[in-house]
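This briefing goes through one protein model by topic. Please have the sequence and the coordinates open while reading.

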Amino acid sequence: MSKKPVRVAVTGAAGQIGYALLFRIASGEMLGKDQPVILQLLEVPVEGPQKALKGVMMELEDCAFPLLVGMEAHGDPMTAFKDVDYALLVGSRPRGPGMERAELLAINGAIFTAQGKALNAVASRNVKVLVVGNPANTNAFIAMKAAPDLKPGNFTAMLRLDHNRALSQIAAKTGKAVADIENLCVWGNHSPTMYADYRFATIKGESVKAMINDQEWNANVFLPTVGKRGAAIIEARGLSSAASAANAAIDHMRDWALGTNGKWVTMGIPSQGWYGIPKDVMFGFPVTCENGEYKVVEGLEIDAFSQGCIDKTLKELTDEQAGVAHLI
Ligand SMILES: NC(=O)C1=CN([C@@H]2O[C@H](COP(=O)(O)OP(=O)(O)OC[C@H]3O[C@@H](n4cnc5c(N)ncnc54)[C@H](O)[C@@H]3O)[C@@H](O)[C@H]2O)C=CC1
Ligand SMILES: O=C([O-])CC(=O)C(=O)O
């Protein structure tokens, strides 16, 4: 018997990430090749973006995806989020050359108050929310706080792009396959302060740290490369990363919904005090997923270098949080 369709909201659906994301959701790459989906697409209620959204929907139609059993265009989150099981909050301004992500807070923060309230009012009580729009952690924090009737743990921020970037850098450094790298994680904020941590990583059972054995490379090459990759892409493309961001969103939601088989991934989630991170701070942690739930990998040793990195990214996040206190 075929599965009951699930409702998936995507905001910013006519934007560049939206264009790289929707076709993959509709083809079953996010929720499985046996899971029918209804897309509930939100764009600003302005003629240009709404017209562009119609064009994207025409293309989705033209793909004749068997799993795409419904599709709606919206200009209001109160209708877009009605009964949704999954919400991918992408819609917001991207940064341009020379901007820091934190500069987006003033522009984008308010979007997430309104969308958190709408999710609170009309979404499924089990909705799984992924915030992609930057600054993703703090926007997810704002949305979570605006939705007091939903479980805080169902609001997440995207750190998966940083995680995937770190995997590729390690594969290149060691000359090994991405697929063989286990137990990597990224702590903290989706920003240059994030701390990609390969101390526990293994490749076919061998320690990656021992294989690389180069703390100078870790501190001065690896971490800045991963942390500043977004800016490097903006510099090269003139536009912020889109296909890789959409790919990371698919990975994040797929793993949350369908499980990781014990494999570690990184998710930005509201802390429950793990590793000394204050409650509710939306922080990147190593997790495994099973039965639609994530579970933090606990008990990892934090050495002095790692603690310094974690403290720095935490400080940035608590400063950002303080900066949006008026929106909470
Ligand atoms: N967390 C992450 O790893 C990453 C996050 N991003 C962020 O994702 C966001 C979107 O990036 P792009 O798709 O490249 O931008 P874009 O400008 O191409 O598209 C954004 C779309 O969102 C729409 N939008 C704006 N406000 C909205 C609202 N209140 N409701 C619904 N739609 C709204 C715009 O009309 C536009 O069509 C940016 O904030 C960007 O910085 C980008 C890459 C990675
Ligand atoms: O850097 C940006 O503004 C876009 C982004 O979040 C990324 O590529 O990591």
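Is H190 buried or exposed? H190 has a relative accessibility of 8%, so it counts as buried, the limit being under 20%. The model is a predicted one, and the points below are grouped by topic.

**Confidence**

- The average pLDDT of the protein is 97, and 100% of the residues reach a score of at least 70.
- The ipTM of the model is 0.99 and the pTM is 0.98.
- Where pLDDT is low, predicted coordinates should not be read in detail.

**Annotated domains**

- An unreviewed UniProt entry assigns residues 6-150 to the feature "domain: Lactate/malate dehydrogenase N-terminal".
- Residues 6-150 are 42% helix and 19% strand, with 18 Å between the C-alpha atoms at the two ends of the span.
- The UniProt annotation "domain: Lactate/malate dehydrogenase C-terminal", again from an unreviewed entry, covers residues 160-322.

**Annotated active site**

- H190 carries the UniProt annotation "active site", which comes from an unreviewed entry.
- The loop between β8 (185-187) and β9 (195-197) holds H190.
- With neighbours within four places in sequence left aside, the residues in contact with H190 are R101, N134, N137, M158, L159, D162 and R165.
- N134, one of these contacts, is also joined to P135 by a cis peptide bond, with omega at about -5 degrees.
- P135 itself is located in the loop between β5 (128-131) and α5.

**Packing of α4 and α5**

- Two packed helices are described by the angle between their axes and the distance between the axes.
- For helix α4 (residues 104-122) and helix α5 (residues 136-145), the angle is about 35 degrees and the axes are 7 Å apart.
- The crossing in which α4 passes α5 is right-handed.
- On the α4 side the contact is made by L105, N108, G109, F112, T113 and G116, and on the α5 side by T138, N139, I142 and A143.
- By class, the residues of this contact are 4 nonpolar and 6 polar, with no charged residue.

- N213 is not a glycine, yet its phi is positive, at about 45 degrees.
- N213 sits in the loop between α7 (208-212) and α8 (215-227).
- The relative accessibility of N213 is 64%, and because the limit for exposed is over 50%, N213 counts as exposed.
- D280, also not a glycine, has a positive phi of about 80 degrees.
- The loop between β12 (265-270) and β13 (282-290) contains D280.
- D280 has a relative accessible area of 16%, which is under 20%, so D280 is buried.

**A loop proline**

- P66 is in the loop between α2 (47-63) and β3 (68-74).
- At 76% relative accessibility, P66 lies over the 50% limit and therefore counts as exposed.
- P66 and N291 are 225 residues apart along the chain, and their C-alpha atoms are separated by 25 Å.

Terms used. Residues are numbered from 1 along each chain as its sequence is written. Chains are lettered from A and ligands numbered from 1 in the order in which they are written. This is a predicted model: local features need pLDDT of at least 70, side-chain atom pairs count only at pLDDT 80 or more; totals for chains, interfaces and linings use all residues. Side-chain values use heavy atoms; hydrogens and water are left out. Axes are lines fitted to C-alpha atoms, for helices over the stretch in contact, and angles run from 0 to 180 degrees between N-to-C directions. Helices (H or I, at least four residues) and strands (E, at least two) are DSSP runs, numbered from the N terminus. A crossing is left-handed if the near helix is turned anticlockwise from the far one by less than a right angle, and right-handed if clockwise. Contact means heavy atoms within 4.5 Å. Ala, Val, Leu, Ile, Met, Phe, Trp, Tyr, Cys and Pro count as nonpolar, Asp, Glu, Lys and Arg as charged, and the others, Gly among them, as polar. pLDDT is the predictor's confidence in each residue, from 0 to 100. UniProt positions are given in the numbering used here, feature names are shortened, and annotations may be inferred rather than shown by experiment. Buried means under 20% relative accessible area, exposed over 50%, partly exposed in between (1.4 Å probe, protein chains only).
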